[in-house]
Amino acid sequence: MKPSPLDYVRATSVDHAIELLASDNDARLLAGGQSLMPVLNLRLGAPELVVDIGRIDELRSLEFADGDVPATRGVLRIGAAMTQTEVATHPDVNGRWPMLVAAIAQIGHPQIRNRGTVCGSLAHNDPQAELPAVAVALGATMIARSVRGERSLSADDMFHGAFTTALEADEMITAVEFPEPSPEQGWSFREFSRQPGDFATAGVAAVVRRNAGSIESRLVVFGLGGGPTRATLIEEALLNAAGPDLESSVIEQWAATLDPVDDAHTSARSKIRHAQRLLVEAVAEAWERM
Amino acid sequence: MTESSNRTTPVRRVSSPPAAESTARHNITVDINGETIEAEVESRLLLTDFLRDRVYLTGTHIGCEQGSCGACTVLLDGLPVRSCLMLAPQVDGRSVRTVEGLAAPDGALSPMQQAFCDHHGLQCGFCTPGFLMTLTSLAERETPVTLNELDHHLDSSFCRCTGYMNIRAAARHALGLAHVEGKPAQGDGT
C-alpha cells in the first residue's frame with residue numbers, strides 16, 4: 001500500500017526539528033525510515049507530519065571522546081543521522097565496540113542498514129530489535145532534546161514495553177553514547193531468526209566481567225514481546241560462579257519468569273526454549289572472552 | 001554519479017498530476033542515471049512510484065512495499081537501498097541509479113547483466129533489477145568481496161522462481177569469485 005496523505009518537512013537543524021515536534025502533536029521523525037516507512041506504507045500509522053532529520057549536519061557525527069569512569073575508557077557518541085552501516089564499518093568502532101558491530105550485522109539486510117540509523121532503532125524500541133538490547137548490555141546513554149531542554153537517559157531507564165520508551169512525544173534522540181567496554185570484559189551477541197535478515201525470534205546480548213572476586217554481568221534478552229529485559233536471576237547466579245555452567249534449576253526458574261505469546265510462526269514455548277539455549281550459549285561465549 | 005555535474009545535458013522536467021490533496025508538494029531535483037530530473041512531488045509519494053510513474057523508469061519493480069523483497073532496490077549515492085522505504089522528497093539533491101542505468105548507451109549490457117544472461121540468472125525477471133543493483137554495488141566497490149559477503153547480499157532479495165543458484169553463479173563470475181571454493185552460507189541466525 002501507500003502512505004496516507006501527509007506533510008513532509010526536511011528539518012534543517014535540531015532546533016527546527018524540535019520546534020516542529022512541539023508545534024504538531026501528530027508529527028513523526030524520519031531518520032533512516034526503515035521502521036517508519038513500512039508503518040506508513042501498511043497504514044499502521046498515519047501521522048499528519050513527517051519531519052525528516054536524516055540530513056541535519058549536526059546529527060551526522062561519529063565522535064570518540066575520553067571517558068570519565070574509569071579514565072582510560074572512551075565513549076563512542078553516535079549522532080542521530082548516522083546509519084547502521086556507517087557505524088559498523090568505522091574501523092575504530094569495529095575494534096573497540098565489537099558487540100555493536102556484531103549486532104548491527106544481524107539487522108535486516110545491507111540495504112536496510114544503509115538507511116536505518118542506530119538512534120532510530122533505539123527510539124523505536126521494536127521488541128525484536130537488536131540495538132535496544134545492546135544499549136542495555138553496554139550501559140549506553142541516550143541524549144534527548146526538546147524545546148524544554150536536553151536530558152540524558154540511561155538505557156536502563158529508556159526502554160519500557162514494546163515500542164514504548166521514556167521519550168516524551170516532543171522529544172527526539174540527538175545522539176547515543178556507548179562507553180568503551182573494558183578489556184577484561186567478555187561479551188556475546190546471539191540471536192535466532194527463521195532466516196537471515198528476519199527479526200529475531202529471540203536473542204541475547206551478554207556482558208560479563210570479573211570485579212573484586214565476583215562476576216558482574218548484564219544479560220539482556222530480547223525478542224520475547226516486551227522491551228529488552230535483563231535476566232537478573234541468572235546474573236545473580238553468576239555472581240559467585242567459578243565457571244559459565246549454569247544449574248538447570250536456575251535456568252528453569254528464570255525461564256518461568258518469561259511470558260512471550262504465540263505468534264504465526266513460533267509458539268511461546270518454543271520462544272522460551274530458544275531464549276534458554278541462546279542465554280546458555282551467550283554466557284559460555286562471553287565467559288570465554290573474559 | 002558525480003560526472004553528472006559536468007554534463008551539459010539539459011534538465012528534464014517531468015510532469016505531475018494536478019494536486020488532489022491539501023498536503024504540501026515539493027520541488028525536487030534528482031540525478032537519475034546521470035540525467036538531471038526536476039519534478040513537483042507530493043509529500044507521500046514513494047521513491048519507487050516516482051521512478052515508475054513520473055520518470056517512467058519501470059525497471060524498478062514493486063513487490064512487498066515493506067522492505068522485505070528487494071525488487072525495488074536502487075542505488076542512492078552508490079549504495080543499495082529499498083526505494084519503497086523512501087519518500088520522493090527525500091532524494092532531492094541526491095543521485096539515484098536504477099537498472100536502466102546499467103547498460104551502456106549503445107545497449108551493451110553491464111558485466112553483471114551479461115553474467116545473468118550467461119548463467120541463466122533470471123527466469124521471470126521480476127526480482128532481477130533488485131539483484132542487479134545490489135550486486136552492481138558490490139562489483140563497483142573498491143574493497144574485495146568475499147563469497148560469504150556475496151551470499152549475505154543474495155539473502156536480501158526474494159527470487160520466487162527459485163533461481164538462487166544460477167544468480168549466485170552469475171554473481172560469482174562477475175565478481176571474480178568463480179574459482180573460490182565455498183558452499184552457500186547457511187543462515188547465521190545461530
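I started with confidence: chain B has a mean pLDDT of 92, with 92% of its residues at 70 or more; pLDDT is the predictor's confidence in each residue, from 0 to 100. This is a predicted model, in which local features need pLDDT of at least 70, side-chain atom pairs count only at pLDDT 80 or more, and totals for chains, interfaces and linings use all residues. Residues are numbered from 1 along each chain as its sequence is written, while chains are lettered from A and ligands numbered from 1 in the order in which they are written. I also noted ipTM 0.93 and pTM 0.94 for the model.

Next I looked up the domains of chain A: domain 1 (7-52), domain 2 (61-179) and domain 3 (186-289), with bounds from an automatic or database domain assignment. The contact between domains 2 and 3 of chain A takes 21 residues from domain 2 and 19 residues from domain 3; I count a contact when C-beta atoms, placed from the backbone, lie within 7 Å. On the domain 2 side, α5 (98-104) and α8 (130-138) of chain A each supply at least two residues, and α8(A) gives the most, with seven residues. Helices (H or I, at least four residues) and strands (E, at least two) are DSSP runs, numbered from the N terminus.

Then I turned to the two chains. Their contact takes 27 residues from chain A and 30 residues from chain B. On the chain A side, β1 (7-10), α2 (36-41), α6 (110-113) and β9 (186-192) each supply at least two residues.

How values were computed: Contact = placed C-beta atoms within 7 Å.
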